[in-house]
Amino acid sequence: MSYTPNLLLKNIKPVGGDFDGSDIVDLRIIDGKIAEIGNELNPKENEEVHDGKEAYLSGGWMDMHVHLREPGYEHKETIETGCAAAAFGGFTEVACMPNTNPAIDSRDVVEFIKKKAEDLPVEVHPIGCVSKEREGKSIAEMGDMKKGGAVAFSDDGDPVYNAQLMRVALEYSSMLEMPIINHEEDLKLSRPGHMHEGKESAKLGIDGTPGIAEEVMIARDILLAEFTGGHIHVAHISTAKAVDLVRQAKAKGINVTTEVCPHHFDLTDEEIERRDFDTNVKMHPPLRSQEDVDAMIKGLADGTIDAICTDHAPHAIQEKEVEFIYAPNGIIGLETAWSVSVRQLLDSGVLDLNELLAKIVEKPREILNLEIPKIEKGAKANLTLFNIDEEWTFDEDKVHSKSANSPYLGDQMKGRAEAIYNKGRFVINEI
């Protein structure tokens, strides 16, 4: 990483705005802003030059659902290592969930996170708690957290279980023009499940979490959003019926949005037996059936699912190297999200390049009311340089997270982020 306020990117193919990825141009950045876009631009004094070799260039990617673990769980991840993983994955901005210790339930914790990230190339947007200490008993100080830089509210890791509390939260957040992001899970239905409840769990003899545990909570939240006029955002959606519920709600004009993780449109619950109970395929929501995976892909294609996120959830090696039922839920995902999306969505023809980029550039920021980066003269330079065809292996030296709990470790990948530019910093991803 270098502080590079002045940069000339040669031979790049912009995607977005007036560009469709077919033109090869040069792009000049001066003092962190796009100053010129043209052909055969010559370097100026004190200007770093990078030959993109016909790589694509888009607005910087955003992951609206990550766990950076700091404060409190720095043995899993820190803000610095999480942002390093994000940069390698092509993300210039992330929104971090509040299940830290202390929880992000006050302005001082929000500002602590912002301060820790201020010199990093990846912008970090804290998500504040809905309830104090994520206990689901009383509303946290939403307005004060917004003043400190919070962009949404969630008790992620646990659902907002109390319907009256959720009603009040939606009313407050509506006044603040911010979404409530809920971890959609009826705990009485879901626990003590360790995988998706279905034929695979029955065959393996493992307690399962049924899809209805997710669906009944989504149905409740949709009704509450309709009643209050608030914005409910469904975190990490994973079942076919859940997608249908969101689809129907959107058709009625209810203010609901949702996101999906790459592993939920790529892997099924059959991976648990196939990988001999590898705990790196244990997450929550769990890997579901092929029918559910197909529904995620259909939901992305028809616009029901707005955004792609990773739910990046680092765990230390000693925490995951235990029996399957004792392992914590969660996997890392920032470094591999683009490659999985290319394989499952772009190469398959489900989405074209512009449609895929919209899921990670525009939609997350629309949901969180953040500025959408643009490729035009005078715009702040917030950019991702990437390709869609380079083959590479996600081995341990490509892991920039502090943890390595990924189901894709050792896998052959296709397409990667080559560099990011943000906040006057240029990060080239060497492999």
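**Cysteines and rings**

Tutor: The disulfide count comes to zero, taking a disulfide as a pair of cysteine sulfur atoms within 2.5 Å. This is a predicted model, where local features need pLDDT of at least 70, side-chain atom pairs count only at pLDDT 80 or more, and totals for chains, interfaces and linings use all residues. Residues are numbered from 1 along each chain as its sequence is written, and side-chain values use heavy atoms, with hydrogens and water left out.

Student: Is cysteine 129 buried or exposed?

Tutor: Buried, at a relative accessible area of 0%. Buried means under 20%, exposed over 50%, partly exposed in between (1.4 Å probe, protein chains only).

Student: Switching topic. How many aromatic pairs are there?

Tutor: Nine in the whole structure. Rings of Phe, Tyr and Trp (its six-membered ring) pair if their centres lie within 6.5 Å; planes under 30 degrees apart are stacked, over 60 edge-to-face, the rest tilted. Tryptophan 61 and phenylalanine 386 make a tilted pair, 5.4 Å centre to centre with 55 degrees between the planes.

Student: How buried is each ring residue there?

Tutor: Tryptophan 61 is at 0% relative accessibility. Phenylalanine 386 is at 0% too.

Student: Which residues form the ring cluster?

Tutor: Ring pairs link Tyr56, Trp61, Phe91, Trp338 and Phe386.
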